Amino acid sequence: MGMTTAQKIFAAHLVDEPFAGTKVLGIDVVMCHEITTPIAIADLMARGKDRVFDTTKIKAVIDHVTPSKDSKTATQAKMLRDWARRHEIKDFFDIGANGVCHAIFPEKGFIRPGNTVIMGDSHTCTHGAFGAFAAGVGTTDLEVGILKGVCAFREPKTIRINLNGTLPKGVYAKDAILRVISELTVNGATDRVIEFGGPIVDAMTMESRMTLCNMAIEAGGTSGICAPDRVTVDYLWPFISDSFASKEAAVAEYAKWASDADAEYDKVIDLDLSNLTPLCTFGYKPDQVKSIEEMAGTPVDQVYVGSCTNGRIEDLRVAAQILKGKKIAPTVRGILSPATPQIYKEAVAEGLIQTFMDAGFCVTNPTCGACLGMSNGVLAEGEVCASTTNRNFMGRMGKGGMVHLLSPATAAASAIEGKLADPRKYL
Amino acid sequence: MKKFGGPALFLDRSDINTDEIIPAKYLTEITKEDLKPYLLEDLKLPGFDPKSDKTFGAGAVVTRANFGCGSSREHAPWVFEVNGIHVVIAESFARIFRQNMFNCGMAAIELAPEQIDRLFTFADAADATIEVDVANTTLTIKGGGREESMQFEISPFDKALVLAGGWVDYADSKY
C-alpha cells in the first residue's frame with residue numbers, strides 16, 4: 001500500500017512512539033511570534049530551562065501587534081527580542097523587517113518539501129503549500145519544540161480534495177477554499193490532513209496554494225498539503241539553487257514527498273469548480289458560505305485587504321486592478337496591510353500602493369493588526385467588515401463586529417460600492 | 001495533583017470558539033493569572049452570565065461538539081486552569097485545544113452524543129457536580145438527588161501527560 005505525503009513525512013521524522021497511535025516527530029522549523037511565545041520563554045526561564053535546541057531551526061517575528069500599541073505589547077515584543085538576541089537566533093524579524101509570519105517565513109525560503117513545521121499559531125497549516133507537514137500548536141508544544149525540537153501528534157488521516165475543472169474569471173483560491181470548508185464543515189477535518197490536488201491546484205501559484213492551505217484549520221484540519229512540483233521549485237529556486245544541478249533535478253528530488261498513486265485516504269472529495277461564483281461568508285462560522293450574488297447589497301463599514309490568507313502580492317494586484325481609477329464609497333473605511341516589507345516594496349514599485357491610496361485606502365505597515373482585532377483596524381459594536389482574512393467568529397475584529405470573509409477582488413468591489421459586491425463586473 | 005471536577009457549568013452549544021473562551025484583546029497578558037477575570041467573557045448563550053458566581057465557581061465544563069475551535073492560543077485552557085476548571089467534557093474538541101489541555105496536565109474528555117445528553121439532564125439541578133477519576137477513566141455526576149457514572153476513554157499518551165502534570169517535564173526527561 002502506498003503512502004500519503006503526511007505519512008511519508010511522519011515516517012521520515014519519527015523520533016519515538018511512546019504509545020500506540022502517538023508519534024513524536026523531530027521538527028525542522030519552529031516558528032515563533034510575540035503573542036504566544038513570551039509565555040513559553042517565561043516558563044522555560046522559570047523552570048531553569050532557558051535553552052533552545054537549534055538556533056538555526058528557530059525563526060521568530062514580531063507581527064501581531066507592531067509597532068507596539070501599549071506597555072503590555074511592548075513587553076511582549078521585548079521578551080521575544082531579548083530572547084532572540086540571547087540565543088543568537090539569526091532569523092529574527094523586528095520593526096523595519098517584520099511581516100505577517102505565514103507570509104514572511106515562506107518568502108525567506110525557510111520551508112522545504114518534506115519539512116515538519118510547528119508554530120504557536122493556528123494558521124501554521126499555510127506552510128503545507130510546500131509539501132510540508134505544518135501544524136499550529138499551543139504554547140506548551142511550542143515550548144517543548146524550542147527546548148527539544150520535538151512535537152507529539154496522532155498520525156493524521158488524510159482527506160484528499162480534488163479541485164477539478166478551471167476557475168472562472170473573478171474566482172480565486174479564496175473562493176475555492178470557502179467552497180471546500182462549506183463542504184467539509186468547521187470540524188469535518190478534525191485530526192485530518194487536507195491534501196489539495198487536481199488540475200486547479202496544479203495550475204495555482206504558490207501564493208494561491210498558501211491561501212488554500214491557510215484555511216485548512218477552519219475545517220478543523222491539522223494541516224493542508226499540496227504536492228511539491230515545478231511551481232514549488234520555481235518559488236524556492238533562489239534558496240535551493242546551490243543544492244541542485246537544475247530545477248528538473250529539484251523537481252525529481254522533491255517528488256518523493258508527493259502521495260503515492262495507491263495511497264490510502266480517509267476520504268476523497270471531487271469538486272468541479274468550473275461554475276463556481278465568488279463566495280462570501282454570511283454568519284459567524286467559516287462554513288457559512290453563500291454566493292456573492294446572494295450577499296450583494298449588504299452594507300459594509302470597513303474593507304480589509306491583508307493577513308496571512310490574502311495579503312500577498314498577487315492579492316494586491318487583483319484588488320488594485322479593480323480599484324484602478326476608482327474611489328471607494330465615502331461610507332467605507334478601506335485598509336490595506338501588505339503582508340511583508342518585500343510585498344510592500346513590490347507594490348510600491350508596481351504602482352499598486354498609489355492605486356490603493358488614490359482610491360481612498362489607508363495603507364498600514366505589515367502586521368496581523370485588524371484580522372484578530374488586536375491592534376489597528378478594530379471594529380465598533382455593530383460594524384461590518386468585508387475582509388480577506390480567514391476567521392469570522394463573532395467579535396473577531398472587535399466586540400460586536402461582523403466579518404464577511406471574501407477574496408481580494410470581492411473586497412475591492414465591495415469597497416467601491418460600500419456594500420458587498422460582485423467583482424466580476426469590474427474585471 | 002489537580003482536582004478534576006467540581007460544580008458543573010453547562011454550555012449548550014457546539015463550535016464554541018477560542019475568541020469566546022478568551023477574547024484576543026487579552027492576549028497581551030503575559031501571565032496566566034492575569035487572564036482570570038475574562039473567562040468566557042464574549043460567550044453569548046441564553047441564560048449564561050459570564051460574570052456570575054456560577055461561572056467562576058465551576059470546576060468542570062460540559063458542552064457539545066467541536067469545543068475550542070479557532071486559535072492555537074493556550075490562553076483558552078489557561079483561563080479555565082486559573083479558575084480551577086481542570087476538565088472539559090464535550091462531544092468533540094478542536095485538535096489544538098484538546099492537545100493544549102493535556103499538555104497542561106488537564107483533561108479534555110470526549111463522550112458520545114447520547115452520553116453528553118445524559119449529562120445535560122442534570123443541567124437544571126443547581127447542585128450539579130462532576131467528579132472525574134483520570135487514572136480509572138470514570139466520571140460521576142450528581143445533582144437534584146440523582147447520581148450517574150460513566151466510563152470514558154482517553155489515549156494512553158494523553159493519560160500519561162495528565163498523570164505527569166504536563167508535557168514539558170515529560171519531554172525534557174525523555175528526549
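At what angle do the axes of helix H2 (residues 37-46) of chain A and H3(A) cross? They cross at roughly 60 degrees and come within 9 Å. That makes H2(A) oblique to H3(A). The crossing in which H2(A) passes H3(A) is left-handed. From H2(A), the residues that meet the partner helix are A:Thr37, A:Pro38, A:Ile41, A:Ala42 and A:Met45. H3(A) answers with A:Gln76, A:Met79, A:Leu80, A:Trp83 and A:Arg86. An α-helix has 3.6 residues a turn, so residues three or four places apart point the same way. Note that this is a predicted model.

Next come some backbone details of chain A. Most residues other than glycine have a negative phi, and most peptide bonds are trans. The peptide bond from A:Thr66 to A:Pro67 is cis, with omega near -10 degrees. A:Pro67 lies in the loop between strand S4 (58-61) and helix H3 (71-86) of chain A.

A:Thr185 is not a glycine, yet its phi is positive, about 75 degrees. This residue sits in the loop between helix H6 (173-184) and strand S10 (192-197) of chain A. A:Ser307 belongs to helix H12 (residues 307-310) of chain A. A:Ser307 counts as buried because its relative accessibility is 2%, and the cut-off for buried is under 20%.

Now turn to chain B and its sheet. Strands of a sheet pair through backbone hydrogen bonds, either parallel or antiparallel. Here seven strands form an open sheet, with mixed pairing. The order is S4-S3-S2-S1-S5-S6-S7 (chain B). Strand S4 (107-110) and strand S7 (146-151) of chain B are the edges, and each pairs on one side only. From one strand to the next, the twist averages 25 degrees.

Look at one pairing within the sheet. Strand S1 (residues 5-11) and strand S2 (residues 60-63) of chain B run parallel and are joined by four bridges. Opposite B:Leu9 stands B:Val61 in S2(B).

Two helices that pack on this sheet can be followed in turn. Helix H4 (residues 95-103) of chain B touches strand S3 (87-90) and S4 of chain B. The direction of H4(B) makes about 130 degrees with that of S4(B). Helix H5 (residues 113-120) of chain B packs on the sheet too, touching S1, S2, S3, strand S6 (138-143) and S7 of chain B. The direction of H5(B) makes about 160 degrees with that of S7(B).

How many residues of H4(B) are buried? Nine of its nine are, and the helix is mostly covered. After H4(B) comes B:Gly105, with a positive phi near 80 degrees.

Last, the nonpolar cores. In soluble globular proteins, nonpolar side chains tend to be buried together. The largest nonpolar core here has 68 residues. B:Leu11, B:Phe67, B:Phe80, B:Ile89 and B:Trp167 have the most contacts inside it. Which residues does B:Ile89 contact, leaving aside its neighbours within four places in sequence? They are B:Val61, B:Val62, B:Thr63, B:Ile109, B:Leu111, B:Ile116, B:Leu119, B:Ile130 and B:Leu139. A second, separate core has 63 residues, among them A:Ala173, A:Ile177, A:Leu212 and A:Ile217.

Conventions. Residues are numbered from 1 along each chain as its sequence is written. Chains are lettered from A and ligands numbered from 1 in the order in which they are written. This is a predicted model: local features need pLDDT of at least 70, side-chain atom pairs count only at pLDDT 80 or more; totals for chains, interfaces and linings use all residues. Side-chain values use heavy atoms; hydrogens and water are left out. Two strands pair if DSSP finds at least two bridges between them. Axes are lines fitted to C-alpha atoms, for helices over the stretch in contact, and angles run from 0 to 180 degrees between N-to-C directions. Contact means heavy atoms within 4.5 Å. A nonpolar core is a set of buried Ala, Val, Leu, Ile, Met, Phe, Trp, Tyr and Cys residues joined through side-chain atoms within 4.5 Å. Buried means under 20% relative accessible area, exposed over 50%, partly exposed in between (1.4 Å probe, protein chains only). Angles under 35 degrees count as roughly parallel, over 145 as roughly antiparallel, 65 to 115 as roughly perpendicular and the rest as oblique. A crossing is left-handed if the near helix is turned anticlockwise from the far one by less than a right angle, and right-handed if clockwise.
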